[in-house]
Amino acid sequence: MLYSQLVIHQKKDYAPFHTPGHKNAGFFPPNLLSLDFTELPDTDALYEAQGAIQATEHRLAQLFGAKRSVISAGGCTLAIQAMLRLASQRGKKLLLARNSHRSAVNACALLGITPQWILPQSEDGFFTGRISPQDVEQALKDDNDITALYVTSPNYYGELADIPTLAAICHQYGKLLLVDNAHGSHLAFLSKNQHPLHLGADMSACSLHKTLPVLTGGAVLNIGNESLTDNAKSAMSLFGSTSPSYPVMASIDLCCDYMEREGIQAYRQSEERVAVIRQLAAKQGLLQPSGLCDPLRICIRMPAMDDQTAFFHAYGIEPEFCDGRNAVFICTPFNRERDFQRLETALAAMQGSCRDTYPVPVLPPTALSPREAVLAEQERIPTEQALGRIAGESVCPCPPGIPVVMPGEVIDRQVMLQLQQYHVASIQTVKS
């Protein structure tokens, strides 16, 4: 059934403005899937890499300017888990941006990390926004036990954090800067290098497959701080499968070939093409995130309409995401010119944007640690019955991508109001 459905979707021939970055455009050699081997004497082993896998990791480190790069065949989730494991060896309290991916929240629960949340600030209320360096510095002044700051950059709407300033503040106070760079692997190869490691981050988790020509599941943990390199493999093996996919890892090696040969020029040409489309969107009065953003991601505030996805399907386009208000398009060199022309035609048919803003996020009171809440006996109940209960999961409406409540937090009246505004019908809670 799944195989058949994938074939049916492929035949629709939509312009693919979504992950993976290779866009199924025939980048990989036809024999790649026939190389589905395992750990053998001449194929190397991921967590004890000494041969071909280690050589590919060295190539990645050179491409990203890292002290060490460690391959993940378990997606960026595994890279995030390993990154948090390495940081938690220095202390169990971390400052996390509230728009952190659920993989980071779950890793905190598994590792016994105590998160201290910091809310992103949005200038207009249309997109997620960014965390304020001033808020970060105040938090580090107030609590010396914080080990590291964890941020997501770029976020899902392409907004980039002020990594140089955040890195300077963290290092001034002797703290680490960790970046979930899942959607930004390509930032190292554009006309201006905006990759977090280049800008001063200590570690970044990069989901290669999202924007580079890598099979889904291919990712890398990039380490820029020499003192964190020694235990990287053991940190990743704590969570990772002992049967990593060799085709996925081989696709990372092929990506290195491409980037070293012609990829950088191709990505910079795509950057120029996307800039033209962004200008068209602005001309049509379509709101876009302000400030520094990912040059290869298009995010627009949509006009009011019944079905955004159906609108784009009518133009032969498959967006990365439509949430009822915003539409997101991920562009790479593997999008054809035909794809870009279709998107331009669709955008030219729109005028103006919905200007409804999202509720201002709040930080609820905490009753349990994430670990206590996640591992406790739980039950799912209707939202209208949840007042005063302790959340057993994160509830993260997208948009805006900022959780209303996290595991261990109390569902108070403010949380109840936002759950109702986002039409959340039920919620997982700690059993009382």
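Q: Is R336 buried, partly exposed or exposed, and what is the relative accessibility behind that class?
A: The structure is a predicted model. A residue counts as buried under 20% relative accessible area and as exposed over 50%, with partly exposed in between. R336 has a relative accessibility of 43%, so R336 is partly exposed.

Q: Which residue forms a salt bridge with R336, with the closest N and O atoms 3.6 Å apart?
A: Side chains of opposite charge can pair when their charged atoms come close. A salt bridge requires a side-chain nitrogen of Lys or Arg within 4 Å of a carboxyl oxygen of Asp or Glu. At 3.6 Å between the closest N and O atoms, R336 meets this condition with D13.

Q: How many residues apart are R336 and D13?
A: R336 lies in the loop between β12 (326–330) and α11 (337–348). D13 lies in the loop between α1 (2–12) and β1. The pair therefore links distant parts of the chain, and its residues are 323 residues apart.

Q: Is D13 buried, partly exposed or exposed?
A: The limits for the middle class are 20% and 50% relative accessible area. D13 has a relative accessible area of 34%, so D13 is partly exposed.

Q: In which helix does R338, the partner of D13 in a salt bridge, lie?
A: The side chains of D13 and R338 meet in a salt bridge, at 2.8 Å from N to O. D13 is in the loop between α1 and β1, so its pairing with R338 ties together parts that are 325 residues apart in sequence. R338 is itself partly exposed, with a relative accessible area of 26%. The helix that holds R338 is α11.

Q: Which residue forms a salt bridge with R59, and in which helix is that partner found?
A: The closest N and O atoms of this salt bridge are 2.5 Å apart, and the partner of R59 is D257. The two residues are 198 residues apart, with R59 in helix α2 and D257 in helix α9 (residues 246–283). R59 counts as buried because its relative accessibility is 18%, whereas D257 is partly exposed at 28%. The partner is therefore D257, in helix α9.

Q: What is the volume of the largest cavity?
A: Rolling a probe the size of a water molecule over the atoms shows where empty space is left. The model has three cavities of 30 Å³ or more. The space in the largest cavity is about 80 Å³.

Q: How do the residues lining the largest cavity divide into nonpolar, polar and charged?
A: The lining includes A97, P120 and I131. Also among the lining residues are N99, R130 and E159. The division of the lining is six nonpolar, four polar and two charged.

Q: Which residues form a nonpolar patch on the surface with about 250 Å² of accessible area together?
A: One member, L35, is found in the loop between β1 (15–17) and α2 (52–64). L35 is partly exposed, with a relative accessible area of 34%. The patch is formed by L35, F37 and L40.

Q: What is the phi of H423, a residue that is not a glycine?
A: H423 is found in the loop between α13 (413–421) and β14 (426–430). H423 is exposed, with a relative accessible area of 72%. The phi of H423 is positive, at about 60°.

Definitions and conventions
Residues numbered from 1 in each chain as written. Predicted model: local features only at pLDDT ≥ 70, side-chain atom pairs only at ≥ 80, totals over all residues. Heavy atoms only, no water. 1 Å grid on protein atoms, 1.4 Å probe; cavity = no way out; pocket = protein on both sides within 12 Å on 5 of 7 lines; lining within 4 Å. Points joined across faces, edges and corners; volume = space filled by probe spheres on them. Nonpolar A, V, L, I, M, F, W, Y, C, P; charged D, E, K, R; others polar. Patch = residues over 30% accessible without salt bridge, like charges linked within 9 Å, V, L, I, M, F, W, Y side chains within 5 Å. Areas by Shrake-Rupley, 256 points an atom, 1.4 Å probe, with all protein chains shown as cover. Helix = DSSP H or I, 4+ residues; strand = E, 2+ residues; numbered from the N terminus. Buried < 20%, exposed > 50% of the residue type's maximum accessible area, 1.4 Å probe, protein only.
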